[in-house]
Number of protein chains: 2
Amino acid sequence: MKKNFLLTPGPTPVPAEALLAMARPTIHHRTPAFKAIFKEMNENLKYLFQTKNDIFTFAGSGTSAMEAAAVNLLSPSDKAICVQGGKFGERWTEICRAYQVKVITIDVAWGQAVNPKQIEKELQNNKDVKAVFTTQCETSTGVLTDIEAIAKMMKSKDAVLVTDAVSSLGGVDLQTDNWGVDVVVSGSQKGLMIPPGLAFCSVSKKAWKLVEQSKSPRYYLDFRLAKKALDKSDTAFTPAVTLCIGLNETLNMIKQMTLPVIFEHNRRLARAVRAAVKAIGLELFAQNPADVVTSVYAPQGIDTAQLVKIMRDEYGVSIAGGQGDFKGKIFRIAQMGYMNEFDIIVGISCLEMVLKRMGYEFELGNGLSAAEKELLR
Amino acid sequence: MKKNFLLTPGPTPVPAEALLAMARPTIHHRTPAFKAIFKEMNENLKYLFQTKNDIFTFAGSGTSAMEAAAVNLLSPSDKAICVQGGKFGERWTEICRAYQVKVITIDVAWGQAVNPKQIEKELQNNKDVKAVFTTQCETSTGVLTDIEAIAKMMKSKDAVLVTDAVSSLGGVDLQTDNWGVDVVVSGSQKGLMIPPGLAFCSVSKKAWKLVEQSKSPRYYLDFRLAKKALDKSDTAFTPAVTLCIGLNETLNMIKQMTLPVIFEHNRRLARAVRAAVKAIGLELFAQNPADVVTSVYAPQGIDTAQLVKIMRDEYGVSIAGGQGDFKGKIFRIAQMGYMNEFDIIVGISCLEMVLKRMGYEFELGNGLSAAEKELLR
């Protein structure tokens, strides 16, 4: 009888329509029936990614698409810039180094966003850099990076811009073509509203030149094999059939609601969460917070691992703790995908009750009324 | 209102129990709830693989696990033997070559099985071979390779034995530990009875030494990262949560039915299909047929692409055509996973009716009665 509420920054709740679509009897992937769905899914993905570029879909976690971007663009000893302002920025560096890419890291303090000028400076000092790896929403910190500004600055450069949009796509604006983002990487379990298991890469014409030059070994994640198949509305290897079917359902919902409305919806929820935690007397962690996840410093003496555990085990409300150096020190509440006002109200209510139980002093209900005020604006 | 019957050699029908388990609200993967399921799933996989070795689970197609085996065991310019007797044997060669491995191919005519002596000879001529890549059931031909004999022959050799058991695991016997198969690769959408999207590798101690030595670049598929996580009943990257939950359901079913009973069940179905097609006057394609898929030469003048299309589009019965040089010339009917006597009866009945419509001369019902006779034995 326990009711569970998923307010983690991925996986996010899956609409019943998608769950039930995925529960239909399995179909074979080399059939007109699947091909029709896959074709529609790919068109819908283009709407979501705001691009005319090819988008390759892999059965895999988001990390597989990050690796796909690195190995298809770069050869061993090629130079790349990786912006590291959290766990997922660091992952770009780890992947590139695993493939012998020479990485110039730009280290950004957790909780802060990179200044595009820092990237520009490194590009000027290193004219041979082939790719810049960035993270639009750094899930581990809740920070939004200004990809539009970076893309603008990079328009005149040779290097391609790669953006990890795993937790931001479909949640905050990312104008792949208008801004000029060469490769956008994403995953299925956040703004896309289905379970984890699908990974995506959109690839621009400029990036495709690097794909043809790359000498890095690859097979399963080879964009060349993926493109050959995609041109026939097919996949190089067996696709995750049910996840594709579920995704097409949620993409149709996104298209119907339209991206601008969704972005505004998330912004409104994020404002409500921020207002609520401030009203409880807490401090936001991210300096440039993304509208899809809000990261908050815990009060002095409160371990967020414990906070998360009590909220989940005793109340069924899942939020996330901190990662890396901020384990135990911050907590994160998501506003992405299939969430509305009352998910936020539930999350804040549970947070208030558990903080009170853990001994933090504040007026019960302050967070909730601040959230409501913000939601009514 | 159309009823569909999936008799393809993957994906195979998914039991409603698993479909509904996967349709439950998504849970987060770093929680005690998921960890408990994942732990049980891993224990169940050990039963299925008949091994005490670690089994790594990736979000990916079967091919990703094949690639994982190659990159974790071998460095560039290492030598390997790849047995090629069909599309999936050839895939071993393609993957190894993509990673600069020096491949000695053993070419086996499609429809035939490799003689273990051929492998032994190559191993004697090439003492520095580090790995032998084989395919237990070559899905493209329906041929079963005698992995037990190959393993026995290789016991005294330095090279490790790698077996692609994507379409055979849980369908025909594969005694990983008793026979001594170092790496077994599989996927979720065949004998394991869930949709595509999970890939597996079991790794022996002997193989682990190569993993530590391998200089091939890898990240997402790195066994070292996978092992570090698995030791804590965790995954290195976000797992395909719902597929793992579905898999645990089907593995519990398999455990309850027991492997010997399932192998005998498949054998019985395979005998019925073979008897039926012979009674229709058709010839089997595979010389050493696997009990999970039956491959059959089409009658003169009948294009199997057309046969498959009519069976599927007009009757809802999906079987597979031929691949490579045998496209249009053979067809394949699966007996794997969640199939019983009446799936076979339906498949044979549809085959009879469509062959008759396509102008092939035979006595209607001959196939069905031969199948029933075999099923009653």
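**Close-ups of chain B**

**View 1. Two strands meet in chain B.** In E9(B), B:Val185 is the bridge partner of B:Asp164. This is a predicted model, so take the views below as a look at a prediction.

**View 2. The open sheet of chain B.** Here are 7 strands in an open sheet with mixed pairing, and in chain B their order reads E2-E10-E9-E8-E5-E3-E4. Strand E2 (54–59) and strand E4 (102–107) of chain B sit at the edges with a single partner strand each, so one side of each has no neighbour in the sheet. From one strand to the next, the twist averages 20°.

**View 3. Helices against the sheet.** Helix H5 (residues 116–125) of chain B packs on the sheet, where it touches strand E3 (79–84), E4 and strand E5 (129–135) of chain B. The direction of H5 makes about 150° with that of E4(B). Now look for helix H6 (residues 147–154) of chain B: it lies across E5 and E8 of chain B and runs at about 170° to E8(B).

**View 4. Where chain B touches chain A.** On this side, 43 residues of chain B are in contact with 43 residues of chain A. The elements of chain B giving two or more residues to it are helix H1 (16–22), helix H3 (62–73), helix H4 (87–98) and helix H10 (241–257). H3(B) supplies the largest share, 4 residues. What kinds of residues make up the side of chain B that touches chain A? They divide into 23 nonpolar, 16 polar and 4 charged.

Terms used:
Residues numbered from 1 in each chain as written. Chains lettered and ligands numbered in written order. Predicted model: local features only at pLDDT ≥ 70, side-chain atom pairs only at ≥ 80, totals over all residues. Contact = placed C-beta atoms within 7 Å. Nonpolar A, V, L, I, M, F, W, Y, C, P; charged D, E, K, R; others polar. Pairing = 2+ DSSP bridges. Axes fitted to C-alpha atoms, helices over the stretch in contact; angles between N-to-C directions.
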